[in-house]
Structure formats: C-alpha cells, structure tokens
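Please read the following points with the model open beside you. They take up helix packing, then the ligands, then the backbone.

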Amino acid sequence: MQIVFLCSEYEGLLKTGGLADATRGLAQALRQQGHQLTILLPRYGTLYPLPLQAQWQSVYVEMNGQHIGAAIRHLQHDGIHVGLIEHHDFFNRPRPYDDGEHAYPDNALRFAFFCKAALAYLATLPDDQSPAIIHGHDWQSALGSVYLKQLQQQGKLLQSRFVLSIHNAAYQQGLGWHDLPLLGLHADEVPQQVQLSMLSIGVKNASQLNTVSEGYREELLSEPAANGLSQLYQTRQADFSGILNGCDYSRWDPATDHSLTAHYRVDDLHGKALCKAQLRQQVQLTDNKVPLFVAVSRVTGQKGFSYLIPALAQWLVEAQAQVVMMGTGEQQFIGPLKQLQQQFPDKFRFIEGFDDDFSHQLEAAGDFFLMPSLFEPCGLNQIYSLRYGTLPIVRATGGLKDTVVGLGKRGATGISFEQPSAEDVTVALEQAISLYADQRKYKTMQQRAMQQYFGWDQAALLYQRLYQRALSA
Ligand code: ADP
Ligand code: GLC
C-alpha cells in the first residue's frame with residue numbers, strides 16, 4: 001500500500017513530545033511490513049541545515065483568494081521518503097507552534113496551508129504513486145480530510161482515503177465561523193452542533209478515526225475528556241477505534257541504547273546500578289541506598305503537576321528518597337519545581353531542558369518513573385520505563401491504565417492510583433517506598449515489567465485493518 005503521513009512531528013526531524021515517537025515508530029513498522037511510506041512535514045527553521053536531494057517541486061494553492069506557492073523538498077530519513085513542505089514565512093521559525101510563550105496567532109492558517117500544499121503535491125503524482133491512504137495526525141493535519149474531498153470533487157485523488165489519528169484531543173485549534181472563508185471551507189463541510197475547531201472538522205470528515213489507546217477512546221465518548229466533542233465522537237463511534245501505541249525497541253532498549261554508557265538486560269542488571277550511580281554523580285546527589293524516582297515530561301497540566309507538586313512538597317520532608325525530573329513547559333509549574341529543589345537540596349533535582357540523551361539516561365537510572373497524569377491518551381514513557389525496569393507510578397487513566405498493571409493485581413508491573421489528588425499520589429509514593437524495601441518483591445516485579453512487549457509491529461497490524469476499513473467504505 002502507498003501510505004502518506006501528514007504530520008507536524010517526526011522523531012529525528014522535529015520532536016516536542018510523544019507524537020514524534022509515534023509517527024516514526026509506526027512508519028518504520030509499516031515499512032517493515034512491506035508498505036511504501038512517505039512522510040510530509042513542514043520545513044521548520046531547525047530543518048534548514050538538512051542535506052536535501054537536488055530534485056524538488058513547487059505547488060500553488062489558493063487561500064483567501066490568493067495563489068500561494070510552496071516548495072516540496074525531498075530527503076531520505078532512515079530509508080523513508082520525507083517531503084518537507086517549505087514556505088518561508090509560515091514555517092521558517094525556530095519553534096513549531098509557539099514563540100516560547102504564546103502560540104503563533106496564525107497557527108490555523110499555517111497548518112491549513114500545510115495540508116493544502118501537501119494534498120496539492122499528492123495530486124500531481126502519477127497514478128501508480130498515488131496514495132491509497134493519507135494518514136493525518138492531530139489537529140495540525142486534520143483539515144487534510146476536507147481538502148481531499150474538495151480535490152475528489154475535481155476528479156483528483158479518487159482512490160485515496162483519509163484516516164485521522166488523535167494523539168491528544170485536548171489540543172483542537174479552535175476556529176470561528178469567520179475563519180471558514182480564509183481556510184477555504186464551506187459551512188456544510190464543518191460540524192454544526194459542536195465547537196468548531198480544526199480537530200472537530202477532521203473528526204467529521206475523516207473516513208476512519210482512531211485514538212492511541214482503547215481506554216482513551218472510551219473516555220472521549222463523554223465529557224470532560226472530549227473537551228466538548230463527545231457528541232461528535234459518539235456520532236462517529238462505528239468508525240472510531242483505539243489502537244495502543246508501540247515502543248521502538250531499536251531506540252528504547254537498555255541492552256543496546258546508544259545514550260547509555262552501561263547496558264543491562266533482564267537477566268543481568270549490573271549496568272542499571274552503574275547508570276544510577278552515574279546519574280547521581282551528574283546531578284550531584286549522594287549515592288546511597290534510598291530509591292530514585294525519575295520523570296521526563298512536558299510540564300503541563302495534563303501531566304498532573306497541580307497535585308504532584310504539593311504532594312512532593314509534603315512528602316519529601318520525611319521521605320527517604322530522591323527525585324530527579326526533567327522537563328520544559330508552563331511557568332506556573334516550573335517555578336514551584338525550582339523551589340522544591342531549593343527546599344530539598346539533598347533530595348530533589350529539576351532540570352529545565354529538552355535533552356534526548358538525558359531522557360534515556362533518566363529512564364535507565366531510576367527505580368521508579370513518575371507519570372501521575374490527569375489524562376493520558378497513551379503515554380510512551382511508562383512503556384519505556386517498563387522495558388528499563390523503572391517501575392512506573394501512574395494514575396489509572398487512558399493509555400496508562402491499558403499498559404500498567406497496578407500493585408495488588410495479578411501480574412503487577414507498576415503502581416497505580418485513581419484520584420487526581422495529592423493524597424492519592426502520596427499513597428502511591430509510600431507504596432513505592434514499601435515495595436522497594438522488600439527487594440525480593442521489587443525485583444520480581446521489575447523482571448516482569450522488563451518482559452512486557454509493546455512493539456510497533458502489533459500496532460501496525462491494527463492500523464492496516466483500519467486502512468482496509470477506510471478503503472472498503
Ligand atoms: P506526551 O506526548 O504527552 O508528551 P509521551 O509519554 O507520549 O507524552 O511522550 C513523551 C516523549 O517526549 C517521550 O519520548 C519523552 O522521552 C519525550 N520528552 C518529554 N519531555 C522531554 C524532555 N524535556 N527532554 C527530552 N525528551 C522529552
Ligand atoms: C500525545 C499524548 C500522549 C501520546 C502521544 C503519542 O502527545 O499526550 O499520551 O502517547 O501523543 O501518541
């Protein structure tokens with residue numbers, strides 16, 4: 001099958017979170033299963049130094065009565081064809097979605113243009129290269145669903161079907177009715193009863209939809225998880241599935257991980273102890289016997305910081321534990337995290353930054369991984385943590401619920417709690433301390449966690465079925 005991804009992130013090219021891991025992991029797995037993949041991505045400012053193929057194309061799209069040109073620049077990335085959609089004013093900016101503080105005011109127009117230019121390019125391909133599936137990811141690519149229908153009315157791309165994956169339904173890119181002409185949309189192409197947004201338009205128009213876990217799919221059928229779109233998700237229920245993300249074990253396996261200086265596997269954990277000692281030295285924490293809790297996370301409300309921070313502020317007073325976290329995000333949480341470090345200089349570290357190697361090193365060094373999310377469509381770090389033998393502490397929501405078996409249940413692989421409250425987090429932290437004190441029990445769970453398998457190959461088979469459903473509709 002010829003499959004084209006329209007996406008705003010792709011690991012190795014542009015990453016702000018798990019979307020990038022997911023688009024690359026899935027693309028590679030589909031390729032290994034024999035499909036032809038093309039990735040279409042905006043050419044962001046950070047992508048200008050890339051070595052590109054000499055051949056390129058230009059396309060023109062109509063927006064707001066104007067003809068606007070874009071260049072399609074080609075490259076190969078790990079054996080996959082990538083087309084970068086280049087438009088200097090829209091995309092040659094240092095960050096993809098915001099200036100570091102505020103979302104760019106023209107985001108709707110930028111990503112509408114991205115979708116239009118991508119489809120205009122696909123419409124120029126000869127029949128034997130025309131995609132069967134155009135697979136959009138999140139609101140940034142959602143308008144591709146409508147623009148495809150518009151091209152089909154002109155007799156173009158008649159064999160193609162649009163599939164939309166929702167990685168995070170909280171980000172929708174809201175629109176007003178006055179935006180419709182600017183984006184080349186008509187009133188009958190957009191949903192009427194629910195909030196108008198790039199995402200809701202995609203949900204209405206895609207042939208098939210999915211989100212990234214069964215658990216989150218269930219949550220999206222009602223509020224508040226659906227952020228006002230529950231009615232629309234219900235209307236599309238028959239074409240809406242949940243497919244759990246996978247783990248790219250060629251990048252996330254402590255036996256081979258290039259970011260680690262010591263390696264380990266389930267039957268020999270010596271390397272893990274070295275990773276822990278190294279990390280403690282690096283962040284200047286004493287190398288002692290207390291358990292090490294780690295976290296790598298976008299610092300946003302989604303990730304549970306509103307109750308995690310007060311929980312830690314109380315708990316660390318007495319707790320015999322160390323906590324090391326890395327993240328970037330909202331100042332309302334970053335400030336208090338820095339204060340925790342001042343308050344507990346021998347127990348707590350917060351590293352403000354985005355560092356790929358260090359994220360792997362934290363995964364390897366920890367005894368426990370903190371992921372107390374308020375909501376979590378899938379979550380990848382808890383899946384990585386399982387493989388690294390770093391027992392995840394999660395709130396039982398969305399994909400976290402689907403991937404971690406909580407303490408006290410048969411086959412437990414982590415610690416799980418229910419309520420998004422400082423009290424419940426603290427109970428979970430205390431359970432971790434008790435578990436760690438019983439090293440036999442801890443090690444049994446650790447070994448079980450490391451043996452769990454969430455390869456992208458499994459997910460890719462389910463995506464193939466989704467594609468088949470789109471094609472046979
Ligand atoms: P989300 O996509 O909601 O951020 P996921 O768990 O699905 O959550 O994926 C997060 C991905 O982003 C993981 O690969 C994680 O390691 C990475 N990540 C998040 N914050 C950072 C950071 N500060 N530095 C490096 N990697 C990060
Ligand atoms: C989103 C979600 C996260 C998911 C990732 C990849 O960023 O917040 O839960 O794992 O997308 O699908």
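At what angle do helix H1 (residues 18-32) and helix H18 (residues 456-472) pack, and how far apart are their axes?

1. H1 and H18 pack at an angle of about 80°, and their axes are 9 Å apart; axes here are lines fitted to C-alpha atoms, for helices over the stretch in contact, and angles run from 0 to 180 degrees between N-to-C directions. The two helices H1 and H18 are therefore roughly perpendicular to each other, given that angles under 35 degrees count as roughly parallel, over 145 as roughly antiparallel, 65 to 115 as roughly perpendicular and the rest as oblique. Helices (H or I, at least four residues) and strands (E, at least two) are DSSP runs, numbered from the N terminus.

2. A note on the basis of these values: this is a predicted model, in which local features need pLDDT of at least 70 and side-chain atom pairs count only at pLDDT 80 or more, while totals for chains, interfaces and linings use all residues. Residues are numbered from 1 along each chain as its sequence is written, chains are lettered from A and ligands numbered from 1 in the order in which they are written, and side-chain values use heavy atoms, with hydrogens and water left out.

3. In the contact (heavy atoms within 4.5 Å) of H1 with H18, Asp-21, Ala-22, Gly-25, Leu-26, Ala-29 and Leu-30 of H1 meet Trp-456, Asp-457, Ala-460, Tyr-463, Gln-464 and Tyr-467 of H18. These residues divide into eight nonpolar, two polar and two charged, where Ala, Val, Leu, Ile, Met, Phe, Trp, Tyr, Cys and Pro count as nonpolar, Asp, Glu, Lys and Arg as charged, and the others, Gly among them, as polar.

4. Helix H10 (residues 270-283) packs with helix H13 (residues 356-365) at an angle of about 120°, with the axes 8 Å apart, and H10 and H13 are therefore oblique to each other. On the H10 side the contact includes Lys-272, Cys-275 and Leu-279, and on the H13 side it includes Phe-358, Leu-362 and Glu-363. By class, the residues of the contact of H10 with H13 are seven nonpolar, two polar and three charged.

5. Helix H5 (residues 144-153) and helix H7 (residues 198-205) pack at about 50°, their axes being 7 Å apart, which makes H5 oblique to H7. Ser-145, Val-146 and Lys-149 of H5 meet Ile-201, Gly-202 and Asn-205 of H7, a contact with two nonpolar, three polar and one charged residues.

6. Around ligand 1 there are 21 residues, of which Gly-18, Asp-21, Arg-298, Lys-303 and Gly-353 come nearest; a residue is near a molecule or strand if one of its heavy atoms lies within 4 Å of it. An oxygen atom of ligand 1 lies 2.6 Å from a backbone N or O atom of Gly-18, an oxygen atom of the ligand is 2.7 Å from a polar side-chain atom of Arg-298, and for an N or O atom in the side chain of Lys-303 the value is 2.8 Å.

7. Ligand 2 has 14 residues around it, and His-167, Asn-245, Glu-376, Cys-378 and Gly-379 come nearest.

8. Most residues other than glycine have a negative phi, and most peptide bonds are trans. Asp-78, in the loop between strand E4 (66-77) and strand E5 (80-86), has a positive phi of about 50° although it is not a glycine. The peptide bond from Glu-223 to Pro-224 is cis, with omega near 5°, and Pro-224 is placed in the loop between helix H8 (214-220) and helix H9 (230-235).

Notes. A polar contact is a pair of N or O atoms within 3.5 Å; within protein, one must be able to donate a hydrogen and the other to accept it, and residues adjacent in sequence count only if both atoms are side-chain atoms.
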